[in-house]
Amino acid sequence: MKDYKFRIFVDGSFDNAYNIGTVAYHMQDAVYNVDGKLIKLGIANKTFASQVRGCKDALDSEICAIALGFDILKKVMGSNPILNKVPVRIKSDNLPLVKYITKSSLTKGLEFNDDLIEELDYLRNKYAKLKEEYSNFKLSYIPSKKNLAHDNAIEMLRWERLQRINSL
């Protein structure tokens, strides 16, 4: 029997024309093989999308999405201790951010200003603390096409854009 990983997909979207950012997450249902027993979690809020106030650009919305994923991880792990026995992943479709947070590696051709580096260092430290607390946890990359939170973030962005247009 295949053992499944528990995944929290995160994504951020941004609309430059309206200066609107959104974040979303999606937790995947799965059956887990824990000590030879099949276990299915009953998580009530598997999907979420919201506008992010004060978001500056697309990169900022992605940073907010990863931070949201870290917060959700703490809540889910606290309320579902069985997850300490299976691999847990937060999946983001922003490879440069994932590389920086997990390996302190800057991607060639991508400029990070001092404010951005400060935010990323905060997330990198938070990631290290989460890894210490949950040895079965990792942040990893997934292409946008496979990111189950991607459509949630885009749809929320469309809805927020429509709300902005209708309020003008």
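At 26% relative accessibility, Glu-119 counts as partly exposed, where buried means under 20% relative accessible area, exposed over 50%, and partly exposed in between, with a 1.4 Å probe and protein chains only. Glu-119 lies in helix H3, helices being DSSP runs of H or I with at least four residues and strands runs of E with at least two, both numbered from the N terminus. Leaving out residues up to four places away in sequence, Glu-119 touches Lys-56, Asp-60 and Ile-63, contact meaning heavy atoms within 4.5 Å.

This is a predicted model, in which local features need pLDDT of at least 70 and side-chain atom pairs count only at pLDDT 80 or more, while totals for chains, interfaces and linings use all residues. Residues are numbered from 1 along each chain as its sequence is written, and side-chain values use heavy atoms, with hydrogens and water left out.

**Overall architecture**

The protein has 4 helices and 7 strands, and from the N terminus on its elements run β-β-β-β-β-α-β-α-α-β-α. Its radius of gyration is 17 Å, close to the 15 Å that the globule rule gives for 168 residues, so the protein is as compact as a globular protein of that length; the radius is taken over C-alpha atoms, and the rule is 2.2 Å times the number of residues to the power 0.38. Along its principal axes the C-alpha trace spans about 55 × 35 × 25 Å.

Of the 168 residues, 43% count as buried. Among contacts between residues at least 6 apart in sequence, 71% join residues at least 24 apart. The accessible surface comes to about 9500 Å², of which 50% belongs to carbon and sulfur atoms, the areas being computed by the Shrake-Rupley method with a 1.4 Å probe, and for residues only the protein chains shown count as cover. The mean positions of the 26 positive and 21 negative charges are 8 Å apart; Lys and Arg count as positive and Asp and Glu as negative, whereas His and the chain ends are not counted, and each charge is placed at NZ of Lys, CZ of Arg, CG of Asp or CD of Glu.

**Nonpolar cores**

In soluble globular proteins, nonpolar side chains tend to be buried together. A nonpolar core is here a set of buried Ala, Val, Leu, Ile, Met, Phe, Trp, Tyr and Cys residues joined through side-chain atoms within 4.5 Å. In the largest such core, of 42 residues, Phe-6, Ile-8, Phe-70, Leu-73 and Phe-137 touch the most other members. Two or more residues each are given to this core by strands S1 (6-15), S2 (20-27), S3 (31-34), S6 (88-92) and S7, and by helices H1 (58-79), H2 (95-103) and H3 (114-133), and the largest share, 10 residues, comes from H1. Apart from this core lies another, of 5 residues, among them Phe-9, Ile-142, Ala-149 and Ala-153.

Ile-8, leaving aside its neighbours within four places in sequence, is in contact with Tyr-25, His-26, Met-27, Gly-69, Ile-72, Leu-73, Arg-89, Ile-90 and Lys-91. Leu-116, found in helix H3, is buried with a relative accessible area of 11%, and touches Leu-59 and Ile-63 when residues up to four places away in sequence are not counted.

The following table sets out C-alpha to C-alpha distances.

| Pair | Separation in sequence | Distance in space |
|---|---|---|
| Leu-116 and Ile-63 | 53 residues | 9.2 Å |
| Glu-119 and Ile-63 | 56 residues | 8.0 Å |
| Gln-28 and Lys-46 | 18 residues | 7.2 Å |

**Loop residues**

Gln-28 has its place in the loop between S2 and S3 and, at 28% relative accessibility, counts as partly exposed. Not counting residues up to four places away in sequence, Gln-28 touches Phe-6, Arg-7, Phe-9 and Leu-148.

Asn-147 is found in the loop between strand S7 (137-141) and helix H4 (150-167), yet at 4% relative accessibility Asn-147 counts as buried. Beyond its neighbours within four places in sequence, Asn-147 is in contact with Phe-9, Val-10, Asp-11, Lys-91, Ser-92, Asp-93 and Ile-142.

Most residues other than glycine have a negative phi. Asn-19, although not a glycine, has a positive phi of about 55 degrees; Asn-19 lies in the loop between S1 and S2 and counts as partly exposed at 49% relative accessibility. Asp-35, likewise not a glycine, has a positive phi of about 55 degrees, and lies in the loop between S3 and strand S4 (37-40), where Asp-35 is exposed with a relative accessible area of 63%.
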